[in-house]
Amino acid sequence: MKAAGAIELGESKSTSSTPKIGGVNRGASILDFILRIIAFLGTLVSAIAMGTTRERLPFFTQFLQFRAEYDDLPTFTFFVVANSVVCGYLVFSLALSIFHIIRSNAKRSRIILIFFDTAMLALLTAGASAAAAIVYLAHKGNAKANWFAICQQFNSFCERISGSLIGSFVGVVVFILLILLSAAALSRR
C-alpha cells in the first residue's frame, strides 16, 4: 500500500523503459518556441496589414473624395494596438522559451509565462473580436440601425481588413495551444 501512495506522489523509481521527463519537456519547449514564432508572425502581419489599410474613392471630381482608413474607426485602432502589444510581448517571451529549451525543468518561469500568455490571449481576443464585428458590419451592414454595407464601394479596403483578421485569430489559437502546452509541461513535473 505504501508503494501505491509513492507512485501517486510521483516518487516511483525510474526505469529504462519509460521516457525521461526532461526529454519530453525539452520537446515541449521546442514546440513552445516554434508556436511563439508563428504567433509573432501572425500578429505582426495583422498589425501591419490593418495599419496600412486605406482607400480613396473619387466623387464627381478629383477634389471631392471619400476615404476609408483604419484609424477612422477606434475599433481598428484598438486592433492594431492590441496586435502590436502582443507582438512585442512575443518577442520578449522568446527569451524565456529559449531558457526552457536549455533548462526544461524550470517551473517558476513557466508559471509566469502561463500568466502573461493568458493576459495576452485576452487582449488579442478582445481586439480581434471587436474588429471582426466591425468587419461584419462593413460587409453586411445593419438595416435596423440604418448602417449600410461599405464593402461594395471600398472593395480593397474590405479585403485587407478581412485578411488582417486571419493572422490575429491564428494568434488566438496559438496562444490557447501555448497555455495548454505549458500547463501540460508543468503537470509532468
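**A buried charge network and an aromatic cluster**

Hi everyone, let me start inside the protein: arginine 36 is buried, and aspartate 117 is buried too. Buried here means under 20% relative accessible area, while exposed means over 50% and partly exposed is in between, with a 1.4 Å probe and protein chains only. A quick word on where this comes from: it is a predicted model, in which local features need pLDDT of at least 70 and side-chain atom pairs count only at pLDDT 80 or more, whereas totals for chains, interfaces and linings use all residues. Residues are numbered from 1 along each chain as its sequence is written, and side-chain values use heavy atoms, with hydrogens and water left out.

How do arginine 36 and aspartate 117 meet? They form a salt bridge, with their closest N and O atoms 2.7 Å apart. A salt bridge means a side-chain nitrogen of Lys or Arg within 4 Å of a carboxyl oxygen of Asp or Glu. Arginine 36 sits in helix α2 and aspartate 117 in helix α4, so this pair ties together parts that are 81 residues apart in sequence. Helices (H or I, at least four residues) and strands (E, at least two) are DSSP runs, numbered from the N terminus.

Arginine 36 has another partner, aspartate 32, and that salt bridge has an N to O distance of 2.9 Å. Aspartate 32 and arginine 36 are four residues apart in helix α2, which means about one helical turn separates them. By the rule I gave, the count of salt bridges is two. Through shared partners, Asp32, Arg36 and Asp117 are joined into one network.

How buried are these three? Aspartate 32 has a relative accessible area of 2%, arginine 36 comes to 0%, and aspartate 117 is also listed at 0%.

Now, which residues touch aspartate 117? Leaving aside residues up to four places away in sequence, Arg36, Tyr89, Phe175, Leu178 and Ile179 touch aspartate 117. Contact here is heavy atoms within 4.5 Å. Two of those names, Tyr89 and Phe175, take us to the next stop, as they belong to one aromatic cluster with Phe115 and Phe116.

For the aromatics, rings of Phe, Tyr and Trp (its six-membered ring) pair if their centres lie within 6.5 Å; planes under 30 degrees apart are stacked, over 60 edge-to-face, and the rest tilted. The count here is three aromatic pairs. One of them joins tyrosine 89 and phenylalanine 116: the ring centres are 6.5 Å apart and the planes stand at 40 degrees, so the pair is tilted. Tyrosine 89 lies in helix α3 (residues 74–102) and phenylalanine 116 in helix α4 (residues 108–140), so the pair ties together parts that are 27 residues apart in sequence. Are these two buried or exposed? Tyrosine 89 is buried, with a relative accessible area of 13%, whereas phenylalanine 116 is partly exposed at 39%.

Tyrosine 89 also pairs with phenylalanine 175: their ring centres are 6.4 Å apart and the planes are at 25 degrees, so this pair is stacked. Phenylalanine 175 lies in helix α5 (residues 155–187) and tyrosine 89 in α3, so here the parts tied together are 86 residues apart in sequence. Both tyrosine 89 and phenylalanine 175 are buried.

Ile30, Ile34, Ile38, Ile166 and Val170 make a nonpolar patch of about 410 Å². Patches are made of residues with over 30% relative accessible area and no salt bridge; like charges are joined within 9 Å and nonpolar side chains (Val, Leu, Ile, Met, Phe, Trp, Tyr) within 5 Å. Helices α2 (21–51) and α5 each supply at least two of the patch residues, and the largest share, three residues, comes from α2. Among them is isoleucine 34, partly exposed at 41% relative accessibility.

Finally, the whole chain. There are five helices and two strands, running α-α-β-β-α-α-α from the N terminus. Of the 189 residues, 35% are buried. The protein exposes about 11,500 Å², with carbon and sulfur atoms supplying 68% of that; areas come from the Shrake-Rupley method with a 1.4 Å probe, and for residues only the protein chains shown count as cover.

The unreviewed UniProt entry annotates residues 33–53, 73–99, 111–138 and 165–186 as "transmembrane region". Its positions are given in the numbering used here, feature names are shortened, and annotations may be inferred rather than shown by experiment. In the model, residues 111–138 are 100% helix and 0% strand, with end C-alpha atoms 40 Å apart. Residues 33–53 are 90% helix and 0% strand, and their end C-alpha atoms lie 30 Å apart. Thanks, everyone!
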